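I opened this entry to look up strands, helices and aromatic rings in one model. The notes follow the order in which I checked things.

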Amino acid sequence: MRRMIVLVTALALLGGNAVAQKTRSLNVGDAVINYELTGRGRTVVFIHGWTHNKSVWDDQVPVFSKRYRVLRYDSPGFGSSTGFADASAEPLDLLILLEALRIDHAYFVGHSRGGGIALRFAAAYPEKVDGLVLYGATPPADFPSPPEVGQLFGSLPGVAKQFGLDSVWKLLMTTEIAWAPPGRTDVSERLRKLWASYSGKDLLDPHPESGKVPLPNIARLSSLRMPTLVIIGDHEMPFIAAAADTFAHRIPNVKKVVIPNAGHAAHFAQPTTFNGALLDFFNDVDRTKKDVERKKKR
């Protein structure tokens with residue numbers, strides 16, 4: 001029933017030229033997803049992190065839409081999308097969105113929590129993934145989390161309910177989460193503006209994960225065959241940096257890039273270097289694919 005509702009909606013959406021459309025929304029059954037689709041060519045899907053929305057990719061869309069069709073969206077429960085945050089259900093929502101837009105395969109770029117979404121999607125639907133970018137990504141399911149990390153994030157719903165979202169922000173900014181090198185007040189200000197648009201619904205009215213699409217464990221990483229880029233800033237917090245090393249050692253067809261003078265918000269702090277790393281990766285994948293296709297024709 002859910003899929004039927006979406007397909008009917010898709011027909012209405014695709015009555016015109018989907019590539020030329022800007023901000024749109026799609027009912028995926030449990031939520032209405034707000035998204036933007038720009039440019040032409042092979043599709044690149046950008047998935048934002050926790051508390052953020054699709055505007056975090058403002059430095060990427062103008063660059064990538066010159067050569068690719070770029071899809072970015074607000075995750076359910078964030079930005080202008082409705083519904084509740086459920087990292088295990090979002091890959092299904094993303095699949096429905098792609099089907100509605102008639103996108104059979106794409107590159108997927110996921111940041112932080114969005115990296116976990118991209119990883120879940122890649123493990124569940126590998127045939128749809130041309131290339132996977134795990135950027136400051138959520139670690140695998142059985143990755144050993146430091147006790148202080150679990151304690152910090154476990155405390156946030158209580159802090160939000162008792163003291164408000166501003167207190168959550170202050171708590172996060174006083175931890176070891178290194179968003180950018182010291183002195184980058186421009187990055188801090190941009191993050192602060194993003195925080196101001198965060199509803200906090202996942203903290204104030206949390207819902208348990210449905211478990212629909214599980215996060216792969218460490219052993220499962222070796223089964224991922226798609227080209228993968230692991231990318232972090234050199235000021236990334238140790239927990240995420242260690243997870244990036246695990247991805248780089250366990251995923252077979254992988255490349256790792258460290259962005260200098262950047263942290264968990266490398267795409268803010270060093271957008272030119274970040275964009276260049278992604279473009280190089282996509283170019284390599286495109287080139288390899290063309291070489292394989294040429295050999296098949298011989």
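Which residue stands opposite Leu26 in β2? I find Ile33 there.

Before going on, I note that this is a predicted model, in which local features need pLDDT of at least 70 and side-chain atom pairs count only at pLDDT 80 or more, while totals for chains, interfaces and linings use all residues. Residues are numbered from 1 along each chain as its sequence is written, and side-chain values use heavy atoms, with hydrogens and water left out.

**Sheet**

I took helices (H or I, at least four residues) and strands (E, at least two) as DSSP runs, numbered from the N terminus. Two strands pair if DSSP finds at least two bridges between them.

I read an open sheet of eight strands with mixed pairing, in the order β1-β2-β4-β3-β5-β6-β7-β8. The edges are β1 and β8 (254-259); each has a single partner strand, so one side of each lacks a neighbour in the sheet. The twist from one strand to the next averages 20°.

I then went through some of the pairings. Five bridges join strand β1 (residues 23-27) to β2 in the antiparallel sense. Their hairpin has four residues between the strands, and Gly29 in it takes a positive phi near 105°. On β2 I also find antiparallel pairing with strand β4 (residues 69-73), over five bridges; here Tyr35 has Tyr73 in β4 as its bridge partner. β3 and β4 run parallel and are joined by five bridges, with Thr43 opposite Arg69 in β4.

Two helices pack on this sheet. I count contact as heavy atoms within 4.5 Å. Axes are lines fitted to C-alpha atoms, for helices over the stretch in contact, and angles run from 0 to 180 degrees between N-to-C directions. Helix α3 (residues 90-100) touches β1, β2, β3, β4 and β5 (106-111), and its direction makes about 140° with that of β4. Helix α4 (residues 113-124) touches β3, β4, β5 and β6 (129-135), and its direction makes about 145° with that of β5.

**Burial**

I call a residue buried under 20% relative accessible area, exposed over 50% and partly exposed in between (1.4 Å probe, protein chains only). Why is strand β2 (residues 32-39) described as largely enclosed by the rest of the structure? Because seven of its eight residues are buried.

I looked up Val45, which is in strand β3. Val45 is buried at a relative accessible area of 0%. The residues that Val45 touches, leaving out those up to four places away in sequence, include Leu71, Leu94, Leu98 and Phe108.

Thr51 has phi near 75°, lies in the loop between β3 and α2 and is buried at 7% relative accessibility. Arg102 has phi of about 60°, lies in the loop between α3 and β5 and is exposed, with a relative accessible area of 57%.

**Rings**

Rings of Phe, Tyr and Trp (its six-membered ring) pair if their centres lie within 6.5 Å; planes under 30 degrees apart count as stacked, over 60 as edge-to-face and the rest as tilted. My search of the whole structure gives 17 aromatic pairs. One of them is Trp50 with Phe153, edge-to-face at 6.1 Å centre to centre and 70° between the planes. Trp50 is in the loop between β3 (43-47) and α2 (61-64) and Phe153 in helix α5 (residues 147-163), 103 residues apart. Trp50 is buried at 19%, whereas Phe153 is partly exposed at 35%.

Trp50 also pairs with Tyr198: the centres are 6.0 Å apart and the planes at 70°, so this pair is edge-to-face. Tyr198 lies in the loop between α7 (185-196) and α8 (201-204), so the pair ties together parts 148 residues apart in sequence. Tyr198 is buried, as is Trp50. Elsewhere, ring pairs link Phe46, Trp57, Phe64, Tyr68, Tyr107, Phe281 and Phe282 into a cluster.

**Helix pair**

Last, I looked at α5 with helix α6 (residues 165-173): the axes come within 7 Å and cross at roughly 145°. Among the contact residues are Phe153 and Leu156 of α5 and Val168 and Leu171 of α6.
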